[in-house]
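Morning, everyone. Please bring up the model on your screens, and I will walk you through it.

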Amino acid sequence: MSNKCSCGTLWLFLTGTMKIGMLYFTTALLMVLFFCSSCRSEEGPGGKVQQQETEQALSLGGKIRNSSRMIREIRKGLKAHSSAITVSFSYGSDLFADLNEVVEEWMDAAQAETGVPDEGDYIRYQLGGYTYKSTSEQKEDRWYYKVRIEPSYYTFFSEEKEVTAQVRKIRRKFHFWPWTASAVKIEAIYDYLCKNVRYDKVHRKNPYYHKRSTAYGALVQKTATCQGYCTAMYRLLQEEKIPCRIVTGTAGDEELHAWLIVELDGLWYLLDPTWDAGQEEYRYLLTGTDAFAGGGPVRQSGSEKTDASDNDVQRVENRSGEETLIPHLAGSGFLTQEFLRNHPMAKDNYR
């Protein structure tokens with residue numbers, strides 16, 4: 001079994017419009033199909049390991065009156081797994097050409113970090129995409145719009161209730177006190193996931209089975225791929241009021257993968273529970289950027305690859321015969337000045 005994660009993203013976009021008298025009718029389809037395969041990190045075709053701008057500021061969408069209310073309504077609908085979320089607004093000019101940008105901004109903002117455990121990245125990495133339709137009508141000098149967003153989810157709302165119940169049960173096992181240090185909580189949560197969640201080898205190449213990429217897969221079914229591990233850990237850390245983020249990028253043999261960063265004492269440290277799962281000693285618990293390397297379970301020697309044991313660290317022999325660790329490389333959205341300013345990374349491992 002290869003310890004890789006490989007995925008990609010395909011965007012399909014169709015628009016159309018009809019004008020009948022003073023009535024405008026606009027339809028739009030914005031579909032995001034995620035495909036990913038082979039990951040131990042292995043997100044198969046349908047897993048959603050996204051590399052995207054996670055700190056995008058509102059531009060046009062933020063100029064619309066009551067845009068904050070629209071975003072709250074969308075977030076509320078996403079949390080409730082609503083099959084359709086409808087928002088209405090007016091604007092002083094025709095937004096037909098820019099409506100896609102507005103909807104995209106609002107959807108992104110609805111998945112922004114709030115500190116609430118089942119919001120932010122918890123929504124973002126369990127959302128399978130969305131479509132939307134819109135109608136518009138001009139009255140005097142204003143245009144009135146109604147937008148119907150139809151999301152697709154990796155889980156059912158009933159399954160999210162099971163996750164919440166399981167989270168309560170798991171937290172009771174930790175016996176944390178109000179004064180328990182954050183580092184102790186992080187280590188306990190990490191240890192729980194690494195010892196109790198198996199890597200999902202059965203469904204890794206099934207493009208229609210998304211549970212492997214969810215907290216439901218990790219916490220209820222006890223089997224998941226990298227995105228499921230990360231979403232579960234994100235939820236448990238946020239329940240303890242510990243700031244964290246899910247990060248996507250490449251690792252190992254330059255394959256896409258997901259891991260986490262967590263804040264301690266003003267600096268952010270890295271975690272990779274997927275690659276530490278089942279191990280007696282953890283390589284990727286609260287590491288700094290200098291030490292956050294790895295891959296596997298493929299060992300390379302020149303151009304020849306051979307399978308190694310699960311979770312082995314990927315190494316490449318250089319010309320002198322020495323082994324060099326291949327690092328995790330975050331996607332471009334996590335390397336912006338804004339993101340790094342808000343998440344100053346620690347170079348060294350946590351003490």
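Ground rules come before the details. This is a predicted model, so local features need pLDDT of at least 70, side-chain atom pairs count only at pLDDT 80 or more, and totals for chains, interfaces and linings use all residues. Residues are numbered from 1 along each chain as its sequence is written, and side-chain values use heavy atoms, with hydrogens and water left out.

Now some terms. Helices are DSSP runs of H or I with at least four residues, strands are E runs of at least two, and both are numbered from the N terminus. Buried means under 20% relative accessible area, exposed means over 50%, and partly exposed is in between, with a 1.4 Å probe and protein chains only.

Start with helix 3. How many of its twelve residues are buried? Ten are, and the helix is mostly covered. Among them are Leu99, Val102, Val103, Trp106 and Met107. Asp108 is on that buried list too, along with Glu105. The expected span of a helix is 1.5 Å times one less than its number of residues. Helix 3 reaches 16 Å from its first C-alpha to its last, close to the 16 Å expected.

Next, helix 6, residues 182-196. Its 15 residues should span 21 Å at 1.5 Å a residue, and the end C-alpha atoms are 21 Å apart, which agrees. Its buried residues include Ile186, Ile189, Tyr190, Tyr192 and Leu193. Keep Leu193 in view. Where does Ala277 lie? It is in the loop between helix 9 (273-276) and strand 11 (285-287). Ala277 is buried, with a relative accessible area of 5%.

On to salt bridges. The criterion is a side-chain nitrogen of Lys or Arg within 4 Å of a carboxyl oxygen of Asp or Glu. A search of the whole structure finds 15.

Look at Lys79 in particular. Its side chain meets that of Asp118 in a salt bridge, 3.3 Å from N to O. This pair links distant parts of the chain, 39 residues apart: Lys79 is in helix 2 (residues 67-79), and Asp118 is in the loop between helix 3 (99-110) and helix 4 (121-124). Lys79 also forms a salt bridge with Glu119, where the closest N and O atoms are 2.9 Å apart. That pair is 40 residues apart, with Glu119 in the loop between helix 3 and helix 4. Which of these residues are buried, and which partly exposed? Lys79 is partly exposed at 27%. Asp118 is partly exposed, also at 27%. Glu119 is buried at 9%.

Back to helix 6 for a local pair. Asp191 forms a salt bridge with Lys195, the closest N and O atoms being 3.3 Å apart. The two are four residues apart in the helix, so about one helical turn separates them. Asp191 is partly exposed at 25%, while Lys195 is exposed at 61%. Then there is a network: salt bridges that share partners join Asp108, Glu113, Asp121, Arg124 and Arg245.

Charged patches next. Patch residues have over 30% relative accessible area and no salt bridge, and like charges are joined within 9 Å. Lys and Arg count as positive, Asp and Glu as negative; His and the chain ends are not counted. The place of a charge is NZ of Lys, CZ of Arg, CG of Asp or CD of Glu. Accessible areas come from the Shrake-Rupley method with a 1.4 Å probe.

Arg168, Lys169, Arg172 and Lys173 form a positive surface patch. Arg172 lies in helix 5 (residues 157-174) and is exposed at 56%. The negative patch gathers Asp94, Asp98, Glu101 and Glu104. Asp94 sits in the loop between strand 3 (85-91) and helix 3, and is partly exposed at 35%.

Last, the backbone. Which phi values are positive in residues other than glycine? His81 has phi near 55°, and Lys241 has about 60°. His81 is in the loop between helix 2 and strand 3, and is buried at 18%. Lys241 lies in the loop between helix 8 (226-239) and strand 8 (244-251), and is exposed at 67%.

Key:
Patches are made of residues with over 30% relative accessible area and no salt bridge: like charges are joined within 9 Å, nonpolar side chains (Val, Leu, Ile, Met, Phe, Trp, Tyr) within 5 Å.
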